[in-house]
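Colleague: I'd like to go through this protein chain with you. Could you show it to me first?

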Amino acid sequence: MSAVSDLTVSVVIPTYNECGTILQVVERVRALGLKGEVIVVDEGSTDGSRELLARLDLPGVRVLQHERNRGKGAALRTAFAAATGDVIVVQDADLEYDPADIPELLAPIRAGAADVVYGSRLSGGRPQRVFMFWHLVGNRFLTLLTNVLYNTTLSDMETGYKCMRREVVAPLRLRSDDFTIEPELTAKILKAGWRVYEMPISYYGRTYAEGKKITWRHGFSAMFALVRFRFSD
């Protein structure tokens with residue numbers, strides 16, 4: 001196990017109708033001074049995000065466009081295919097996740113200890129918004145199901161913060177277009193036997209009135225995905 005100090009990082013940002021936060025997210029990521037690139041994939045936004053991004057001209061930032069909203073999974077497949085960094089970091093566009101946490105998420109990979117690092121909202125030690133009890137219950141159930149099916153000890157399978165060496169992502173045949181990409185990624189990473197670590201992160205969750213998009217219905221599709229991908233590719 002050897003430390004790697006000169007890793008390049010691709011921060012990929014899938015976005016759909018986040019005109020109020022997308023530019024802030026890009027600026028906060030750039031302010032980290034990481035060696036690498038920022039890739040934004042707009043999923044056919046209709047709220048002005050598309051126009052904002054079309055005018056964005058910053059060094060190290062690439063904007064890719066989908067003509068229609070196909071979902072987070074479709075955006076991530078496009079971003080992963082375009083990424084050139086040694087490590088790929090998924091950053092949501094809504095500021096529920098704070099880009100300031102990225103350097104700590106990268107630390108186990110830089111140290112040579114991890115291939116994948118998940119940012120856990122449920123391991124404590126960082127600011128967490130207190131709300132949506134049933135989302136917490138659903139998340140814990142899906143994480144428990146993951147641990148039973150894949151013999152692991154994750155605390156937050158559904159986290160949007162995932163850092164992965166490019167060698168982890170490259171061979172994956174990802175199929176999900178929507179939020180089911182989260183359990184699919186987890187299932188295929190665990191089945192491949194990569195070294196997965198977790199780090200605590202802050203979480204500034206939104207209500208539906210504030211723009212949150214994931215709903216309880218996703219819980220059912222995530223549950224079926226975890227079972228399906230346990231026994232198939």
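Colleague: What makes Phe133, Trp134, Leu136 and Val137 a nonpolar patch on the surface?

Modeller: Together these four have about 430 Å² of accessible area, worked out by the Shrake-Rupley method with a 1.4 Å probe, where only the protein chains shown count as cover for residues. To join a patch, a residue needs over 30% relative accessible area and no salt bridge; nonpolar side chains (Val, Leu, Ile, Met, Phe, Trp, Tyr) are joined within 5 Å, like charges within 9 Å. Leu136 sits in helix α5 (residues 133-150), and helices here are DSSP runs of H or I with at least four residues, while strands are runs of E with at least two, numbered from the N terminus.

Modeller: A word on the basis: this is a predicted model, where local features need pLDDT of at least 70 and side-chain atom pairs count only at pLDDT 80 or more, while totals for chains, interfaces and linings use all residues. Residues are numbered from 1 along each chain as its sequence is written, and side-chain values use heavy atoms, with hydrogens and water left out.

Colleague: Why is Leu136 called partly exposed?

Modeller: Buried means under 20% relative accessible area, exposed means over 50%, and partly exposed is in between (1.4 Å probe, protein chains only). Leu136 has 32%, so it's partly exposed. Tyr16 has 26%, so that one is partly exposed too.

Colleague: How do you know that Asp115 and Arg195 meet in a salt bridge?

Modeller: The rule asks for a side-chain nitrogen of Lys or Arg within 4 Å of a carboxyl oxygen of Asp or Glu. Here N to O is 3.0 Å, so the pair passes. The two partners are 80 residues apart: Asp115 is in the loop between α4 (102-110) and β5, Arg195 in the loop between α7 and β7 (196-200).

Colleague: Is Asp115 buried or exposed?

Modeller: Buried, because its relative accessibility is 5%. Arg195, at 37%, counts as partly exposed.
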